[in-house]
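Subject: The two-chain model, with notes

Hi there,

Here is the structure I promised to pass on to you. Have a look at it first, and then read my notes below.

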Amino acid sequence: MPRLEEKLRTFNENAVERMPDHVLRALEDHTRTLEEAGRAESAVGEGDEAPDFELDSTTGESVVLSDLVRRGPVILSFYRGRW
Amino acid sequence: MAVSPQTLEQSRSAVDDFGVAFPLLADPGTQVADRYGLVHTLPENLRRIHREAFDVDLATYNGDDSWTLPMPARYVVDGDRRVRWASVSADYTVRPDPVETLEALDRMSEA
């Protein structure tokens with residue numbers, strides 16, 4: 001089964017093919033701005049304390065990180081949206 | 001669990017779309033993502049592009065017109081709320097393989 005990296009590369013190549021140049025350039029420029037500012041490196045990372053939070057969940061309850069980690073390690077993902 | 005700036009309603013649609021088995025959390029105005037240092041704002045040209053080229057209006061998905069988004073990130077957090085593994089992408093097209101995350105969990109249970 002192809003690894004995620006491979007699947008993403010194929011997906012991105014197809015998406016890029018359909019994109020007008022000015023759209024691709026604008027997206028790449030913005031990513032480059034984040035990279036040059038070292039944004040990924042300055043985010044919370046390995047060894048840091050994960051800031052606590054309480055957020056509403058699709059399960060209907062609210063989730064508090066510090067409560068959840070008591071039950072075991074938590075995989076916490078941030079994503080942009082379903083679009 | 002996965003956090004996004006989408007409204008709870010949009011998050012519930014995402015659960016239906018993708019059949020996810022874990023909770024999706026709503027982070028309005030990217031306030032929590034901001035505490036993690038992940039937030040950036042789309043400039044005006046990209047806002048126009050998202051609306052016109054992708055038919056994506058973030059005001060609809062996120063319930064506000066700030067056009068702020070998190071850089072994609074995945075963390076493994078332990079019982080002391082310490083981050084034991086992290087992957088943050090400035091490039092939203094790049095994501096870590098789940099195998100890496102599972103290996104990090106394995107290392108934690110061995111220790």
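Before the first number, one term: buried area is the accessible area, taken with a 1.4 Å probe, that two parts lose on being put together, summed over both. Please also keep in mind that this is a predicted model.

**Where the chains meet**

With that term in hand, the area buried between chain A and chain B comes to about 5,600 Å². Carbon and sulfur atoms give 64% of that area. On chain A's side, A:F78, A:R80 and A:R82 supply 17% of the area that chain A buries against chain B, more than any other three residues. The contact takes 49 residues from chain A and 70 residues from chain B.

How many residue pairs are in polar contact between chain A and chain B? The count is 27, with both residues at pLDDT 80 or more. Which parts of chain A give two or more residues to the side that touches chain B? They are α1 (4-18), α2 (21-36), α3 (39-42), β1 (54-57), α4 (65-68) and β3 of chain A. The largest share, eight residues, comes from α2(A). Sorted by class, this side of chain A has 25 nonpolar, 13 polar and 11 charged residues.

**Salt bridges**

Over all chains, the structure holds seven salt bridges, and three is the count between chain A and chain B.

One to look up is the pair A:R3 and B:D97, whose side chains meet in a salt bridge at 3.8 Å, N to O. A:R3 lies in the segment before α1 of chain A, while B:D97 lies in the loop between β6 and α5 (98-110) of chain B, so this pair joins two chains. Are the two partners buried or exposed? A:R3 counts as partly exposed, at 44% relative accessibility, whereas B:D97 is buried, with a relative accessible area of 9%.

Another salt bridge stays inside chain A: the side chains of A:D29 and A:R32 meet at 3.1 Å, N to O. These residues are three apart in helix α2 of chain A, so about one helical turn separates them. A:D29 is partly exposed, with a relative accessible area of 39%, and A:R32 also counts as partly exposed, at 39% relative accessibility.

Then there is A:R82, which lies in the segment after β3 of chain A; its partner B:D17 is in helix α1 (residues 8-18) of chain B, so here too the pair joins two chains. The closest N and O atoms of this salt bridge are 3.0 Å apart. A:R82 counts as partly exposed at 25% relative accessibility, and B:D17 does so at 43%.

In soluble globular proteins, nonpolar side chains tend to be buried together. The largest nonpolar core here has 28 residues, and A:F53, A:L76, A:F78, B:Y36, B:L38 and B:Y75 touch the most other members. The elements that give two or more residues to this core are β3 (74-78) of chain A together with α2 (31-35), β5 (73-77) and β6 (83-88) of chain B. A second, separate core of 13 residues includes A:L27, B:I49, B:Y61 and B:W67.

Leaving out residues up to four places away in sequence, B:Y36 touches A:A43, A:V44, A:A50, A:P51, A:F53, A:L65, A:L76, A:F78 and B:Y75.

**Two neighbours in a strand**

Finally, go to strand β4 (residues 68-70) of chain B, where you will find B:T68. B:T68 is buried, with a relative accessible area of 13%. Its side chain makes a polar contact of 2.9 Å with the side chain of B:T30 and another of 3.0 Å with the side chain of B:S66.

B:L69 is also found in strand β4 of chain B. B:L69 counts as buried, at 1% relative accessibility. Beyond residues up to four places away in sequence, B:L69 touches residues of both chains, including A:R80, A:W83, B:L38 and B:L58. What separates the C-alpha atoms of B:L69 and B:R82, 13 residues apart along the chain? The distance is 24 Å.

Enjoy exploring it!

Best wishes

Definitions and conventions
Residues are numbered from 1 along each chain as its sequence is written. Chains are lettered from A and ligands numbered from 1 in the order in which they are written. Side-chain values use heavy atoms; hydrogens and water are left out. A nonpolar core is a set of buried Ala, Val, Leu, Ile, Met, Phe, Trp, Tyr and Cys residues joined through side-chain atoms within 4.5 Å. Buried means under 20% relative accessible area, exposed over 50%, partly exposed in between (1.4 Å probe, protein chains only). Helices (H or I, at least four residues) and strands (E, at least two) are DSSP runs, numbered from the N terminus. Contact means heavy atoms within 4.5 Å. A polar contact is a pair of N or O atoms within 3.5 Å; within protein, one must be able to donate a hydrogen and the other to accept it, and residues adjacent in sequence count only if both atoms are side-chain atoms. A salt bridge is a side-chain nitrogen of Lys or Arg within 4 Å of a carboxyl oxygen of Asp or Glu. Ala, Val, Leu, Ile, Met, Phe, Trp, Tyr, Cys and Pro count as nonpolar, Asp, Glu, Lys and Arg as charged, and the others, Gly among them, as polar.
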